[in-house]
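Please take a moment with the sequence and the model before reading on, and keep both in view as the paragraphs proceed.

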Amino acid sequence: GTEGAGGAVGWTPKAQHATMKFCMDTFSTQRVVFGGDWPVCTLTAPFSSWVACCREMLDDRGHDFQRMLLHDNAVQAYRL
């Protein structure tokens, strides 16, 4: 499941990858959107580390998946 995110003290990109991979693999491509909890996430790591973590996590996903996660699904869900 999603255990292993590490909490405020134990945050690591590896732990985040496990949680994000679980979500991306569990839900269909059309049901996943990018989101965050900024500025709360900066309690555990600099924002640049979070961005790098997300980019690294998406590297092995295709362009279409990335576009849907980062843009298209939100546009549809929020009727933008």
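The paragraphs below go from the whole chain to single residues.

This is a predicted model, in which local features need pLDDT of at least 70, side-chain atom pairs count only at pLDDT 80 or more, and totals for chains, interfaces and linings use all residues. Residues are numbered from 1 along each chain as its sequence is written, and side-chain values use heavy atoms, with hydrogens and water left out.

We begin with the overall fold. The chain has 3 helices and 0 strands, and from the N terminus on its elements run α-α-α; here helices (H or I, at least four residues) and strands (E, at least two) are DSSP runs, numbered from the N terminus. Of the 80 residues of the chain, 25% count as buried, where buried means under 20% relative accessible area, exposed means over 50%, and partly exposed lies in between, with a 1.4 Å probe and protein chains only. If we look at contacts (heavy atoms within 4.5 Å) with a separation of 6 or more, residues 24 or more positions apart account for 62% of them.

The loop between the helices α1 and α2 deserves a slow look. Thr44 is found in this loop, between α1 (13-26) and α2 (47-58), and at 26% relative accessibility Thr44 counts as partly exposed. Although Thr44 and Trp11 are 33 residues apart in sequence, their C-alpha atoms are 6.2 Å apart in space. A polar atom of the side chain of Thr44 also lies 3.0 Å from the backbone oxygen of Cys41.

Is the next residue, Ala45, buried or exposed? Ala45 lies in the loop between α1 and α2 as well, and at 7% relative accessibility it counts as buried. Not counting residues up to four places away in sequence, Ala45 touches Trp11 and Trp50. Ala45 and Thr12 are 33 residues apart in sequence, with a distance of 8.6 Å from C-alpha to C-alpha.

The loop between α1 and α2 is also the place of Pro39, and a cis peptide bond with omega of about 10° joins Trp38 and Pro39. Most residues other than glycine have a negative phi, and most peptide bonds are trans. With that background, one may turn to Arg79, which has a positive phi of about 50° although it is not a glycine. Arg79 is found in the segment after α3, and at 79% relative accessibility it counts as exposed.

The cysteines come next. A disulfide is a covalent bond between the sulfur atoms of two cysteines, and it is counted here as a pair of cysteine sulfur atoms within 2.5 Å. How many disulfides does the structure hold? The structure holds 0 disulfides. Cys41 is in no disulfide, and the nearest cysteine sulfur, that of Cys54, is 8.7 Å away. Cys41 is buried, with a relative accessible area of 6%. Cys53 is in no disulfide either, and for Cys53 the nearest cysteine sulfur is again that of Cys54, at 5.4 Å; Cys53 is buried, with a relative accessible area of 2%.

Asn73 lies in helix α3 (residues 63-77) and is buried, with a relative accessible area of 5%. Leaving aside residues up to four places away in sequence, Asn73 touches Thr29, Gln30, Arg31, Val32, Val33 and Met68. Arg55, by contrast, lies in helix α2 and is exposed, with a relative accessible area of 60%. Arg55 and Gln66 are 11 residues apart in sequence and 9.7 Å apart in space, C-alpha to C-alpha.

The charged end of Arg61 sits over the ring of Phe65, 5.2 Å from its centre, and a charge is said to sit over a ring if NZ of Lys or CZ of Arg is within 6 Å of the ring centre and within 35 degrees of the ring normal.

Methods. Polar contact = N/O pair within 3.5 Å; in protein donor to acceptor, adjacent residues only side chain to side chain.
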